[in-house]
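User: I would like to learn how to read a protein model, feature by feature. Can you take me through one?

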Amino acid sequence: MKSPSLLNGEVLPTDDHTVYNIVEIFHSVQGEGYRSGIPHVFVRFGVCNLRCEWCDTNFDEYEQKTAAEIMDAVSEFACKNIIFTGGEPMLNDLWPLARLLKRQGYHLSVESNGTVAIPDGLLDWICISPKDQVYPNVSIKQRQGDELKCVYVGQPLSMYDDLKDGFTHLFLQPCYDEAASVEENGRGFSLTEAIVKEHPEWRLSLQTHKWMGIL
Ligand code: SF4
């Protein structure tokens, strides 16, 4: 599902001063999912409402930055694609920052755990990565988007039967543990490869940036 932006280039006087909790801002290549291979500026927000055991982000350490400071940071890079990631970016009111970025012609994507509904028109690309394989009682509020990307640890795919209809692209991704051995990670890859072969409406997503040794 394409998410047409409703932003029309107008900003509010208070937008510049809106404060966000930011872990880091960096320029890299998206390594996973449908937009894999496309350079993006990653804006990583602090704070998450979940605590997944495989999480590779220290989202408890962040600095407060204004939207104007974030604009300055992203403008350092010759790149018009932004990914809001985290932590859980949708715990923030992203409208002020999105208004400023859209006025400058940025394409805005989000990677979210889906536990917060995303306002229509806020973003250009919505990737939902639900964690109900480890948090079965967490309800997924954002049930539409461009891609559904699930970390596969052997859970039954039937748990996504209702959810998957709201998404254009479906991905299963093995859990890559940098501390694990090649053999241990290989078992996860084999498991995911096998389930994708059995359920070809899902595609395999690999965290290629980790293999490349980049952020
Ligand atoms: S939802 Fe994402 S950011 Fe939050 S703990 Fe899980 S993996 Fe980490």
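Analyst: We go from the sheet to the helices, the core, the ligand shell and a few single residues. Keep in mind that this is a predicted model.

User: Is E4 enclosed or open to the outside?

Analyst: Four of the five residues of E4 are buried, so the strand is largely enclosed by the rest of the structure. Threonine 85 is a residue of E4. It counts as buried because it has 22 C-beta neighbours inside 10 Å, and the cut-off for buried is 20 or more.

User: What does threonine 85 touch beyond its sequence neighbours?

Analyst: Leaving aside neighbours within four places in sequence, threonine 85 is in contact with Phe42, Arg44 and Glu111. Glutamate 201 is another matter: threonine 85 and glutamate 201 are 116 residues apart in sequence and 26 Å apart in space, C-alpha to C-alpha.

User: And E7? How many of its residues are buried?

Analyst: Eight of its eight residues are buried. E7 spans residues 145-152 and pairs in the parallel sense with strand E6 (residues 125-128) over two bridges. Isoleucine 128 has leucine 148 of E7 as its bridge partner. E7 is also joined to strand E8 (residues 167-174) by seven bridges, and these two run parallel. There, glycine 145 stands opposite phenylalanine 167 in E8.

User: Now the helices. What does helix H2 bury, and what covers it?

Analyst: First the general idea. An α-helix has 3.6 residues a turn, so residues three or four places apart point the same way. Now the case. Helix H2 covers residues 95-103, and its buried residues are Pro96, Leu97, Ala98, Leu100, Leu101 and Lys102. The cover over them includes E1, H1, E4 and strand E5 (107-112). Just after H2, glycine 105 takes a positive phi of about 85°.

User: How should I read the nonpolar core?

Analyst: In soluble globular proteins, nonpolar side chains tend to be buried together. In this model the largest nonpolar core has 40 residues. Val43, Ile82, Phe84, Leu97 and Leu148 touch the most other members. Take valine 43: beyond its neighbours within four places in sequence, its contacts are Ile22, Ile25, Ile70, Val74, Ile82, Ile83 and Phe84.

User: Which residues surround the ligand?

Analyst: Read the list first, then the classes. The ligand is surrounded by Cys48, Leu50, Arg51, Cys52, Cys55, Thr57, Phe59, Gly86, Gly87, Glu88, Asn113 and Lys131. By class, that is five nonpolar, four polar and three charged residues.

User: Where should I check the backbone?

Analyst: Check omega and phi. Glycine 86 and glycine 87 are joined by a cis peptide bond, with omega about 15°. Glycine 87 sits in the loop between E4 and H2. Valine 47 is not a glycine, yet its phi is positive, about 80°. Valine 47 belongs to the loop between E2 and E3. It is partly exposed, with 15 other C-beta atoms within 10 Å.

User: Last one. Is lysine 197 buried or exposed?

Analyst: Lysine 197 is exposed, with 10 other C-beta atoms within 10 Å. It lies in helix H3 (residues 182-198). From C-alpha to C-alpha, lysine 197 and threonine 115 are 29 Å apart in space, and 82 residues apart in sequence.

Methods: Residues are numbered from 1 along each chain as its sequence is written. This is a predicted model: local features need pLDDT of at least 70, side-chain atom pairs count only at pLDDT 80 or more; totals for chains, interfaces and linings use all residues. A residue is near a molecule or strand if its C-beta atom, placed from the backbone, lies within 6 Å of it. Ala, Val, Leu, Ile, Met, Phe, Trp, Tyr, Cys and Pro count as nonpolar, Asp, Glu, Lys and Arg as charged, and the others, Gly among them, as polar. A nonpolar core is a set of buried Ala, Val, Leu, Ile, Met, Phe, Trp, Tyr and Cys residues joined through C-beta atoms within 7 Å. A residue is buried if 20 or more other C-beta atoms lie within 10 Å of its own, exposed if 12 or fewer, and partly exposed in between; C-beta atoms are placed from the backbone. Two residues are in contact if their C-beta atoms, placed from the backbone, lie within 7 Å. Two strands pair if DSSP finds at least two bridges between them.
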